[in-house]
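Q: I would like to learn how to read salt bridges, sheets and surface patches in a model. Please take them one by one.

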Amino acid sequence: RRLDDAEDDGYGFDVTQYSFKYAGCSAVATYSDDMADDEDSESVVLTKRFVVFRLCPTAYCSEDYPYGCGGGYGEYIVDMEDYLDVMAQYQEERMERYCDYCEQCMNADGEEEDEGDEQRGRRRLDDAADEEEDQQDQDDGEEDADEADDGEDEAAGDDAVEEDEDEDAADDGGDDGDDAVEDAAADANENANQYCDDYQSCYNYANVCGDEDGNDNGEEEVDYRDFFECKQVDGNENNNGQEYFVGPHCSYDKKTITIGLYADEYCSEYVGNDVDMGNVLGFYVDSDALAEYYDEDCVSCNAADLPYQEQDEDEDEDGNNDGDEEAEVTELCEMLFEEAGKCHRYMEDVDEDAYGENQAANEDTVCGFIQNVVTGQYDEYGYIYLSADDYSNDNRDNQYATVHSEVSIGQIFGLLVSALACVVLVVWACFLHRKLTRRAPWRPRRAGGSGAKAGKLSRNNSGILMGRSRSGGSYHGGQMT
């Protein structure tokens, strides 16, 4: 089977052609039902921590680029605890590969392949040692001859002078012998290490792989993997009974992952900036203790490209596989892809049906959330920035941060147009209101009337005179008769 079969494994694309690249981290504060139901909890807001990574095409994934690549990538978000667990497993396997590879490279293979070189080196050392021994015997014999010839005639004195000259020459020869021994030793050491292609990487492997549980002083090293999940600090109920907890923490720079100090069992209330964690834990956490978990390397998702692997029989000297075996996806990429929320809007030729309808339907939501994380919208405590200065300071190294330090000409023009439009609308509203309130209320016309306007009927047409003319009585002295 060929690499194209990787598209049938639930990825929707050939993941073996991509490389993993860490992009950043962020804390996000959200409402929690569990904390709301907890009577002992003083807050209903839970702070979660996430990690964003990319799968960039291996052909142009760059360690110098902050996010690995600028196009054709998939972007993913995963819970920080899950990410750290997967990376811990990857780091452990990488160390095992390194130790096994270097042990074989520096020892077994070298003895079999370059035994002739070592033997030649040893012969040169032996020859140099024999030469130095012969020269030393010659020096001793000449010194005895000088003592026997003392007190003889001038001719004997001349011979003694010549012998002294020979002794000086012998001393020079002895120095040359010492230099020959040193050169032979250096050549032998060089020849002994030529068999290991990765000698520069493996020459110190014994110290790296020898003692994994301690340091040079014999002290037990701190295993930071114990703090990947939120856990209480034992025996530190100090400061008026305050309990502390430790867990993973994303620093303000949105890149660094370290161990943080919290005041609640959910590791939601971060207090590392206010409390000295060294006094609480009894030891100080190195700022770069987890540096290998967020380094800038592009890690290939093709298992055959991982470093420190034994050469297969089907591979040639250049590492090219001549067989028909299927390319295998690394466990790092496989596990992270399975656990992560996925955004493939920047990737071409993706089969969305490969990972289900639910993922495809929610992709816009996932992409929007990832964008908020990548652009650094949340501060170190998981809340949205309310201060532009704080946002700018914390995201000064974030190339995706949306920082506007000054108002542009277009924005000024838009503000002026909007203000003028508001003034025009206010004036027009006042004009219409005045015009409507000054007009008399409308009334219907009387049928068959003389056309007089409503409210302005004449006395003759009002019916008052007609009523009086038809009355039979008369008025006398204020009384009707």
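Q: Is Asp223 buried, partly exposed or exposed?
A: Buried means under 20% relative accessible area, exposed means over 50%, and partly exposed lies in between (1.4 Å probe, protein chains only). Asp223 counts as partly exposed, because its relative accessibility is 30%. This is a predicted model, in which local features need pLDDT of at least 70 and side-chain atom pairs count only at pLDDT 80 or more, while totals for chains, interfaces and linings use all residues. Residues are numbered from 1 along each chain as its sequence is written, and side-chain values use heavy atoms, with hydrogens and water left out.

Q: Which side chain meets Asp223 in a salt bridge?
A: Side chains of opposite charge can pair when their charged atoms come close. The criterion is a side-chain nitrogen of Lys or Arg within 4 Å of a carboxyl oxygen of Asp or Glu. Arg225 meets Asp223 in this way, at 3.0 Å from N to O. Arg225 is itself partly exposed, at 40% relative accessibility.

Q: How many salt bridges does this rule give?
A: The count is four. Another of them joins the side chains of Glu92 and Arg225, with 3.7 Å from N to O. Glu92 lies in helix H2 and Arg225 in the loop between helix H6 (205–210) and S4, so this pair ties together parts that are 133 residues apart in sequence. Helices (H or I, at least four residues) and strands (E, at least two) are DSSP runs, numbered from the N terminus. Glu92 has a relative accessible area of 42% and is partly exposed.

Q: Where do Arg345 and Asp364 lie?
A: The side chains of Arg345 and Asp364 form a salt bridge of 3.7 Å, N to O. Arg345 is in the loop between strand S8 (341–343) and helix H9 (357–361), and Asp364 is in helix H10 (residues 363–374), so the pair ties together parts 19 residues apart in sequence. Arg345 is partly exposed at 42% relative accessibility, whereas Asp364 is exposed at 60%.

Q: Which residues do salt bridges with shared partners join into one network?
A: The network consists of Glu92, Asp223 and Arg225.

Q: In what order do the three strands of the open sheet lie?
A: Strands of a sheet pair through backbone hydrogen bonds, either parallel or antiparallel. Two strands count as paired if DSSP finds at least two bridges between them. Here the order is S4-S5-S6, with antiparallel pairing. Strand S4 (231–232) and strand S6 (257–262) are the edges, each pairing on one side only.

Q: How many bridges join S5 to S6?
A: Six bridges join them, and Gly247 stands opposite Gly260 in S6. The two strands form a hairpin with six residues between them, where Lys254 in the turn has a positive phi of about 65°. S4 and strand S5 (residues 245–250) pair over two bridges: Gln232 stands opposite Phe245, and Lys231 has Val246 as its bridge partner. Six of the six residues of S5 are buried.

Q: Which residues form the nonpolar patch on the surface?
A: Patches are made of residues with over 30% relative accessible area and no salt bridge; like charges are joined within 9 Å, and nonpolar side chains (Val, Leu, Ile, Met, Phe, Trp, Tyr) within 5 Å. The nonpolar patch holds Trp428, Phe431 and Leu432, with about 320 Å² of accessible area together. Trp428 is in helix H12 (residues 409–438).

Definitions and conventions:
Areas by Shrake-Rupley, 256 points an atom, 1.4 Å probe, with all protein chains shown as cover.
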